[in-house]
Amino acid sequence: MLAQLQVANEGLPLPGAQATGDELFRLGLLYSTGQGGAPLDYVSAHMLFNLAAMRGSVEAKVYRKEISEEMASDDVAEAQRQAREWLARG
């Protein structure tokens, strides 16, 4: 089920609070590659990989680490803030 909440860049709708780690991971892949209607957005991808990792996705942990090496520390902090906000709205 998709919630009406969208990432900051007005991209694809985020999954609801019941989303699995796999669902969040797949959406993170779309943002990390700019495919499937998602803009290329590392902040959103990191946020989604972070949430997916929290839901048990081992792959998401690997991708989160790799993408964070391409990001400025301010962008990583913003992705973490967005993940906390998503969890709070859950």
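Student: Within what distance do the axes of H1 and H2 come, and at what angle do they cross?

Tutor: An axis is a line fitted to C-alpha atoms, for helices over the stretch in contact, and angles between N-to-C directions run from 0 to 180 degrees. In this structure the axes of H1 and H2 come within 8 Å and cross at roughly 165°. That makes H1 roughly antiparallel to H2, given that angles under 35 degrees count as roughly parallel, over 145 as roughly antiparallel, 65 to 115 as roughly perpendicular and the rest as oblique. The two helices meet through Gly21, Leu24, Phe25, Leu27, Gly28, Leu29, Tyr31 and Ser32 of H1 and Tyr42, Ser44, Ala45, Leu48, Phe49, Leu51 and Ala52 of H2. Contact here means heavy atoms within 4.5 Å.

The model is predicted: local features need pLDDT of at least 70 and side-chain atom pairs count only at pLDDT 80 or more, while totals for chains, interfaces and linings use all residues. Residues are numbered from 1 along each chain as its sequence is written, and side-chain values use heavy atoms, leaving out hydrogens and water.

Student: Which hand does the crossing of H1 and H2 have?

Tutor: A crossing is left-handed if the near helix is turned anticlockwise from the far one by less than a right angle, and right-handed if clockwise. H1 passes H2 in a left-handed crossing.

Student: What are the angle and the hand where H2 passes H4?

Tutor: The axes of H2 and H4 come within 8 Å and cross at roughly 50°, and the two helices are therefore oblique to each other. The crossing is right-handed. Residues making this contact include Val43, His46, Met47, Asn50, Leu51 and Met54 of H2, with Val76, Ala79, Ala83 and Trp86 among those of H4.

Student: What is the span of H2, and what lies at its ends?

Tutor: Helices (H or I, at least four residues) and strands (E, at least two) are DSSP runs, numbered from the N terminus. The expected span of a helix is 1.5 Å times one less than its number of residues. H2 (residues 42–54) has 13 residues and reaches 18 Å from its first C-alpha to its last, close to the 18 Å expected. Asp41 caps the N-terminal end of H2, with a side-chain oxygen 3.1 Å from the backbone nitrogen of Val43. After H2 comes Gly56, whose phi is positive, near 100°.

Student: How many residues of H2 are buried, and what covers them?

Tutor: Buried means under 20% relative accessible area, exposed over 50%, and partly exposed in between, with a 1.4 Å probe and protein chains only. In H2, 11 of the 13 residues are buried, so the helix is largely enclosed by the rest of the structure. Among them are Val43, His46, Phe49 and Ala53. Their cover includes strand S2 (13–15), H1, helix H3 (58–68) and helix H4 (73–89).

Student: Are Ser32 and Ala88 buried or exposed?

Tutor: Ser32 lies in helix H1 (residues 21–33) and counts as buried at 15% relative accessibility. Leaving aside residues up to four places away in sequence, Ser32 touches Leu40, Tyr42, Ala45, Phe49 and Ile67. Ala88 is found in helix H4 and counts as exposed at 69% relative accessibility. Ala88 and Ala17 are 71 residues apart in sequence and 9.6 Å apart in space, C-alpha to C-alpha.

Student: What pattern does the protein follow along the sequence?

Tutor: The pattern is β-β-α-α-α-α, which comes to 4 helices and 2 strands. Buried residues make up 40% of the 90 residues. Of the contacts with a separation of 6 or more, 52% involve residues 24 or more positions apart.

Terms used
Polar contact = N/O pair within 3.5 Å; in protein donor to acceptor, adjacent residues only side chain to side chain.
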